[in-house]
Protein chains: 2
Amino acid sequence: MNTILAQFRIIPGKEAEAEEAMKTMAASVESKESGARTYIFHRNLKDPLAVSVWEIYADDAASAAHRATEYMAAFRTYFGPLFDPETVKIERLERIAGFSR
Amino acid sequence: MNTILAQFRIIPGKEAEAEEAMKTMAASVESKESGARTYIFHRNLKDPLAVSVWEIYADDAASAAHRATEYMAAFRTYFGPLFDPETVKIERLERIAGFSR
């Protein structure tokens, strides 16, 4: 399992376009990547421009495949117009304990 | 659904005790809270003292019930001896798009 937490901020005023881009991206991942087990965009309730993406891949190959897709390349072009590239924080995580059911 | 991302840091040198505390906590949540759907402690691979907890509850009542348990009260006492209370960041999140399968 390969877990990633990606965080970044929406450019103020671009909320609607950003939401559309995230919905399109999530739909692409769901339909085209069998190795993506969890892929969820969230907003912070108290700070709605702050986005957190929770990603779980079956393995490193599935994570690498995700990064190589054409829709990931398209999504990267939104950093600048829709999302602030200066705010991007990506953490690779390792599970210590817990469950999902 | 009620999603929470909690982040904090382990006190240097307390890794083993901290891991034990997190394993015990996760086991308690799994066995005693039917309203807890996901509850996972992680370490950052590049910065192993940095902990991220991903929590999903069925609703606000399940989240409130979690915070009121005796084992949550016990876990809070570790902030100081095992975890740095100055580093705690808790975000309540709302899903924009995505899936888990």
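## Strands within chain B

B:Thr38 stands opposite B:Ile56 in strand S3 of chain B, and B:Thr3 also stands opposite B:Ile56 in that strand. This is a predicted model, in which local features need pLDDT of at least 70 and side-chain atom pairs count only at pLDDT 80 or more, while totals for chains, interfaces and linings use all residues. Residues are numbered from 1 along each chain as its sequence is written, and chains are lettered from A and ligands numbered from 1 in the order in which they are written. Helices (H or I, at least four residues) and strands (E, at least two) are DSSP runs, numbered from the N terminus, and two strands are said to pair if DSSP finds at least two bridges between them.

Strand S2 of chain B, residues 36-44, runs antiparallel to S3(B) and is joined to it by 8 bridges, with a hairpin of 2 residues linking S2(B) to S3(B). Strand S1 of chain B, residues 2-10, pairs with S3(B), residues 47-57, in the antiparallel sense, again over 8 bridges, and within this pairing B:Ile4 stands opposite B:Glu55. S1(B) also pairs with S4(B) in the antiparallel sense, over 7 bridges, where B:Ile4 stands opposite B:Arg92.

## Strands that cross between the chains

In chain A, S1(A) and S4(A) pair in the antiparallel sense over 7 bridges, and A:Leu5 stands opposite A:Glu91 in S4(A). Pairing also passes from one chain to the other: 7 bridges join S4(A) to S2(B), which run antiparallel, and A:Phe99 has B:Tyr39 as its bridge partner in S2(B). In turn, S2(A) is joined by 7 bridges to strand S4 of chain B, residues 83-100, the two running antiparallel, and here A:Asn44 stands opposite B:Leu93.

## How the two chains meet

The contact takes 30 residues from chain A and 30 residues from chain B, where two residues are in contact if their C-beta atoms, placed from the backbone, lie within 7 Å. On the side of chain A that touches chain B, at least two residues each come from strand S1 (2-10), helix H1 (15-32), strand S2 (36-44), strand S3 (47-57) and strand S4 (83-100), and S4(A) gives the most, with 10 residues. By class, that side has 12 nonpolar, 7 polar and 11 charged residues; here Ala, Val, Leu, Ile, Met, Phe, Trp, Tyr, Cys and Pro count as nonpolar, Asp, Glu, Lys and Arg as charged, and the others, Gly among them, as polar.

## The nonpolar core

A nonpolar core is a set of buried Ala, Val, Leu, Ile, Met, Phe, Trp, Tyr and Cys residues joined through C-beta atoms within 7 Å. Of the 40 residues in the largest nonpolar core, A:Met22, A:Ala26, A:Phe41, B:Met22, B:Ala26 and B:Phe41 touch the most other members. Leaving aside neighbours within four places in sequence, B:Ala26 is in contact with A:Ala97, A:Gly98, A:Phe99, B:Tyr39 and B:Phe41. In soluble globular proteins, nonpolar side chains tend to be buried together.

## Two residues in their surroundings

B:Tyr57, in strand S3 of chain B, counts as buried because it has 21 C-beta neighbours inside 10 Å. A residue is buried if 20 or more other C-beta atoms lie within 10 Å of its own, exposed if 12 or fewer, and partly exposed in between, with C-beta atoms placed from the backbone. Although B:Tyr57 and B:Met1 are 56 residues apart in sequence, their C-alpha atoms are 5.8 Å apart in space. Beyond its neighbours within four places in sequence, the contacts of B:Tyr57 include B:Asn2, B:Gly35, B:Ala36 and B:Ala62.

A:Ala62 lies in helix H2 of chain A, residues 60-67, and is partly exposed, with 17 other C-beta atoms within 10 Å. Leaving aside neighbours within four places in sequence, A:Ala62 is in contact with A:Asn2, A:Glu33, A:Gly35, A:Ala36 and A:Tyr57.

## Confidence in the model

The mean pLDDT of chain A is 97, and 100% of its residues reach 70 or more, pLDDT being the predictor's confidence in each residue, from 0 to 100. The model scores ipTM 0.95 and pTM 0.95.
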